[in-house]
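Please open the model in your viewer and keep the selection tool at hand. The stops below take you through it one selection at a time.

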Amino acid sequence: MTIPLSIGKYTIERLIGRGGMGIVYEAIFSSIQRSVALKVVDKQLLDDNEREIILDRFKYEAQAAGRLFHPRIVTIFDYGEDERNAFIAMELIRGDSVHELLLRDPQPPLEKVRDVILPLLEALDYSHAQGVTHRDIKPSNILIGPQGEVKVTDFGIARIESSALTQYGLVVGTPFYMSPEQCMGEDTDARTDVYSAGVIAYELLTGRRPFTGKGSNASVMRDVLDVIAPNPSEYNGRVSGQMDYVVQKALAKKPDERYQTEREFADDFRLAVARKIQ
């Protein structure tokens, strides 16, 4: 693959990675010498039948995240298009994702789990207060900077309250981390992100996902709908019964039986970790 020298007003430095909606480069905003992460979709590589939907969704990501200004959320600086590409310029985080953390250490210490989950819940609490539900919370969308700072990214299928663009919620998310209501194609609200954060907590505590199915997305979604996950303490002796309760409440099948806000979830999670560490 040939890396372009520039895209729009951005000078390309290096390839960072590839995602479901394009390629991410480290780039320089030349006029002010600011380093950014530049997420790029090559319009010429898109299928004619999908081009409009994909480009609308890509622009929607910029709109959803662009209205959010919080230290726990990756900042969007710019959206642009040229004849070949559509691109989003965003804050550059030099670090890993929670996905990479799990690859290195499938059961990190409780203090590390706390230091991921509480900032995640803080970010989601703010996002929901601004009327934005993420709907695709998963390990690769949670970044960890060099000083341990946690940042949420990728609002590509977010739902903005009172927006006509919520139709793109038909692209529902990543099955392992989807709530039961997402699996059913039902309306979602902030509690769907509570559920996904519960899945992340479960995976960090146990080194495994609560629902794995039998190798297909359909089987994963059936488990999400019908199976009660084993308590995290069954896989990790450092996990208390109190933490089991917290995580299982976050994973409740019915939204009304979950934590209704991230703050409630965070308060109980913080207390469960503190009592175990003592």
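Begin by selecting I117 in this predicted model, and show what surrounds it: once its neighbours within four places in sequence are set aside, I117 is in contact with A197, I200, A201, L204 and F269. Now widen the selection to the largest nonpolar core, which has 66 residues and in which I117, L204, M243, F265 and F269 touch the most other members. Helix 3, residues 110-129, supplies the largest share of this core, with 10 residues. A separate core of 11 residues lies apart from it, and includes Y25, A27, L38 and A89.

Return to helix 3 and follow it from end to end: its 20 residues reach 28 Å from the first C-alpha to the last, close to the 28 Å expected at 1.5 Å a residue. Just after helix 3, stop at G131, which takes a positive phi of about 85°.

Next, select helix 5 (190-206) together with helix 7 (residues 241-250), which pack with their axes 8 Å apart and at an angle of about 140°. Angles over 145 degrees would count as roughly antiparallel, and helix 5 and helix 7 are therefore oblique to each other. To see the contact itself, display V194, Y195, G198, A201, Y202 and L205 on helix 5, and M243, V247 and A250 on helix 7.

Finally, move to helix 6, residues 217-226, where S219, V220 and V224 are buried. Why do they lie on the same side of helix 6? They do so because they cover an arc of only 145° around the axis.

Notes. Residues numbered from 1 in each chain as written. Predicted model: local features only at pLDDT ≥ 70, side-chain atom pairs only at ≥ 80, totals over all residues. Heavy atoms only, no water. Core = buried A, V, L, I, M, F, W, Y, C linked by side-chain atoms within 4.5 Å. Buried < 20%, exposed > 50% of the residue type's maximum accessible area, 1.4 Å probe, protein only. Helix = DSSP H or I, 4+ residues; strand = E, 2+ residues; numbered from the N terminus. Contact = heavy atoms within 4.5 Å. Arc of directions from axis to C-beta. Expected span 1.5 Å × (residues − 1). Axes fitted to C-alpha atoms, helices over the stretch in contact; angles between N-to-C directions. Parallel < 35°, antiparallel > 145°, perpendicular 65-115°, else oblique.
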